[in-house]
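Please read these notes with the model open beside you.

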Amino acid sequence: MPDQPSSVMIFAAGFGTRMGALTQTTPKPLIPVNGTALIDHTLRLVQDIAPETIVVNAHYLADQVAAHLAEKEVKLSIEKPDILDTGGGLKTALPMLKQSAVITSNSDCIWDGPNPFRLLLESWDPDHMDALLGCIRVENCLGRATPGDFDIDEKGLISRKGDFVYGGVQIIKTKRVEAHPNRTFSLNAIWDEIAKDNRLFGLDYPGRWCDVGHPEGIALAEGLLRGQHV
């Protein structure tokens with residue numbers, strides 16, 4: 001069906017600067033959490049929805065990411081010489097994704113609860129939505145030092161600032177991404193365009209979530225996986 005996503009883009013190109021010394025020689029997606037590389041936690045959830053295509057982008061220490069994924073059923077989008085940010089990374093990968101709507105995911109989060117990708121697919125309404133962002137209430141977030149990113153109204157429409165944190169997963173139609181004039185840009189620019197047309201929606205995730213973008217997040221995530229956080 002048109003606009004029904006069955007391809008997934010996983011963002012794994014960043015420098016991981018918040019991780020400090022941990023990412024000097026290891027890309028953040030390969031940092032172990034509970035004995036498993038961060039990106040493999042995301043891949044497990046992605047594989048549970050049986051997508052037709054999985055694309056992973058890489059830039060920083062891309063050879064390590066490529067070697068780690070060599071035996072997995074994923075396609076690689078190597079960004080060189082420059083890193084392209086989320087919007088540019090997705091735009092570059094579109095020929096491999098080959099869909100008018102795709103799922104995207106960060107690779108530095110741990111989820112405790114239902115599969116967020118399955119919930120997104122169940123809630124996706126392409127007749128009314130151009131993007132559906134998976135969001136978590138601030139009180140259900142671990143490793144998050146800053147306030148929420150969005151507010152979700154009674155219709156599910158989201159706006160900037162509020163008590164919901166963007167969890168790094170979404171479904172988004174690709175037309176605006178493909179049409180963006182720049183090679184390097186953030187998906188935030190696309191979200192702002194979609195919001196103006198009242199087609200930017202948020203999913204209220206019913207479980208808990210941990211940001212593993214900084215060293216303290218590793219212990220928090222491992223505790224979450226072991227059920228030590230209430």
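The numbered points below go through the fold piece by piece.

1. Ground rules. This is a predicted model, in which local features need pLDDT of at least 70, side-chain atom pairs count only at pLDDT 80 or more, and totals for chains, interfaces and linings use all residues. Residues are numbered from 1 along each chain as its sequence is written, and side-chain values use heavy atoms, with hydrogens and water left out.

2. Start with an open sheet in the order 7-14-9, with mixed pairing. Strands here are DSSP runs of E, at least two residues; helices are runs of H or I, at least four; both are numbered from the N terminus. Two strands pair if DSSP finds at least two bridges between them. Strand 7 (109-112) and strand 9 (141-142) are the edges, each pairing on one side only. Strand 7 runs antiparallel to strand 14 (residues 208-211), joined by four bridges. Within that pair, Ile110 stands opposite Cys210 of strand 14.

3. The helix on that sheet. Helix 7 (residues 216-225) packs here and touches strand 7, strand 9 and strand 14. Contact means heavy atoms within 4.5 Å. The direction of helix 7 makes about 155° with that of strand 14. Axes are lines fitted to C-alpha atoms, for helices over the stretch in contact, and angles run from 0 to 180 degrees between N-to-C directions.

4. Strand 12. Look at residues 164-173: ten of the ten residues in strand 12 are buried. Buried means under 20% relative accessible area, exposed over 50%, partly exposed in between (1.4 Å probe, protein chains only). Strand 6 (residues 101-106) pairs antiparallel with strand 12 over five bridges; Ser105 has Val169 as its bridge partner. Strand 8 (residues 131-137) also runs antiparallel to strand 12, through six bridges. There, Leu132 is partnered by Ile171.

5. The cores. A nonpolar core is a set of buried Ala, Val, Leu, Ile, Met, Phe, Trp, Tyr and Cys residues joined through side-chain atoms within 4.5 Å. The largest has 36 residues, and Ile10, Val56 and Trp111 have the most contacts inside it. Helix 1 (residues 38-47) gives the most to this core, with four residues. Beyond its neighbours within four places in sequence, Ile10 touches residues including Ile39, Leu43, Val46 and Val56. Another core, of 24 residues, lies apart; among them are Val55, Ala93, Val102 and Ile194.

6. Ser6. Is Ser6 buried or exposed? Ser6 is buried, because its relative accessible area is 17%. Ser6 sits in the segment before strand 1 (7-11). Leaving aside neighbours within four places in sequence, Ser6 contacts Pro51, Glu52, Thr53 and Gln99.
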